Amino acid sequence: MKRVPAVGSRINVSGDGQQVDTAHLGFTTSPHEECAVEAAAQIVERIDGDDHAVVVLTLGPEESIEQLRYAASVGGTELALVAAPGGLDWDPQRTAVAITDAVRDLEAADGQFDLILFGNESADGGNFQVGIRVAHALGRPIVNGIKGIDVAENGFVARRETDAGYEVYELDAPCALGVKEGINLPRYPTMKGRLASRKAQIQVLEGAPDAPAGGQARVRLHRPPERASTTVVFGDSATAAPAVVDLLDELGVL
């Protein structure tokens, strides 16, 4: 999962055009990943999985602990933070390398994950790459754009929505899936969950700062001009009718 600016926030760019100015931003969990956490919690509940864990991992600054604790309040049972040193461009390639190393460390300690869920893409970068890169590095099959997950005998059945209905994929475990927002309705945390999340232990892993960056380089960030809307008052009561008729005629409605 990923810590991202709250949806609808006004995004400002730093003076040098290289960073997002976070001084007055609120942050939340990227919506696709929020649905992925809910999907994982539902799977464990469905199989009555006392022996299964929902491990929630994020790469980011120390402030990302806020999003991890929220995940713990809605079904996450184990939490891991991959520390992302500042001053580096955490592009999809570097991010994927760091997450791959973290997954390998977690699996070496606790055993192989049956299923790794990613958000289809992050709400801020929207690169559609990290999950695919991690799955490829781990040698596991992955399907993106998933809107339904069922547990099968040897793995999972995933559904991807199309214009004509659904594509259905059968994947043997271990595997990975990229979840789209709308696969479920994420639950709200209960008071019990909120209190428990404060005590949850968070494992901190190194963020692989030596991992190579990708071939793309950031030149500058540009904030597009805001779109202004204009309201025109044609008149009061019946006096506005002729102007409305003229406008409809101009639009070709009449």
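These legends walk through several close-up views of a predicted model. Residues are numbered from 1 along each chain as its sequence is written, and side-chain values use heavy atoms, with hydrogens and water left out. Because the model is predicted, local features need pLDDT of at least 70 and side-chain atom pairs count only at pLDDT 80 or more, while totals for chains, interfaces and linings use all residues.

**View 1. Helix 1 is largely enclosed by the rest of the structure.** Helices here are DSSP runs of H or I with at least four residues, strands are runs of E with at least two, and both are numbered from the N terminus. Helix 1 covers residues 31-46, 16 residues in total, and spans 22 Å from its first C-alpha to its last. That is close to the expected 22 Å, where the expected span is 1.5 Å times one less than the number of residues. Of its 16 residues, 12 are buried, among them Pro 31, Cys 35, Val 37, Ile 43 and Val 44. Buried means under 20% relative accessible area, exposed means over 50%, and partly exposed is in between (1.4 Å probe, protein chains only). After helix 1 comes Asp 48, with a positive phi near 50°.

**View 2. Glu 45 of helix 1 reaches a partner in a loop.** Glu 45 and Arg 187 form a salt bridge, with 2.8 Å between their closest N and O atoms. Arg 187 sits in the loop between strand 11 and helix 5 (191-199), so this pair ties together parts that are 142 residues apart in sequence. A salt bridge here is a side-chain nitrogen of Lys or Arg within 4 Å of a carboxyl oxygen of Asp or Glu. Glu 38 joins Glu 45 and Arg 187 in a network of salt bridges. Arg 187 itself is partly exposed, at 27% relative accessibility. By this rule, the count comes to 8 salt bridges.

**View 3. Arg 140 and Glu 107 form a salt bridge.** Their closest N and O atoms are 2.7 Å apart. Arg 140 belongs to the loop between helix 4 and strand 8 (142-151), and Glu 107 to helix 3 (residues 92-110), so the pair links parts 33 residues apart in sequence. Arg 140 counts as buried at 10% relative accessibility, and Glu 107 counts as buried at 14%.

**View 4. Asp 150 pairs with Arg 159 in a salt bridge.** Here the closest N and O atoms are 2.7 Å apart. Asp 150 is partly exposed at 34% relative accessibility, and Arg 159 is partly exposed too, at 27%.

**View 5. Two loops have backbone details to look at.** A cis peptide bond, with omega about 0°, joins Ala 173 and Pro 174. Pro 174 lies in the loop between strand 10 (165-172) and strand 11 (175-179). Phe 128 has a positive phi, near 60°, and is not a glycine. You'll find Phe 128 in the loop between strand 7 (115-119) and helix 4 (130-138), partly exposed with a relative accessible area of 42%.

**View 6. Arg 3 lies over the face of Phe 27.** Arg 3 is 4.1 Å from the ring centre. A charge sits over a ring if NZ of Lys or CZ of Arg is within 6 Å of the ring centre and within 35 degrees of the ring normal.
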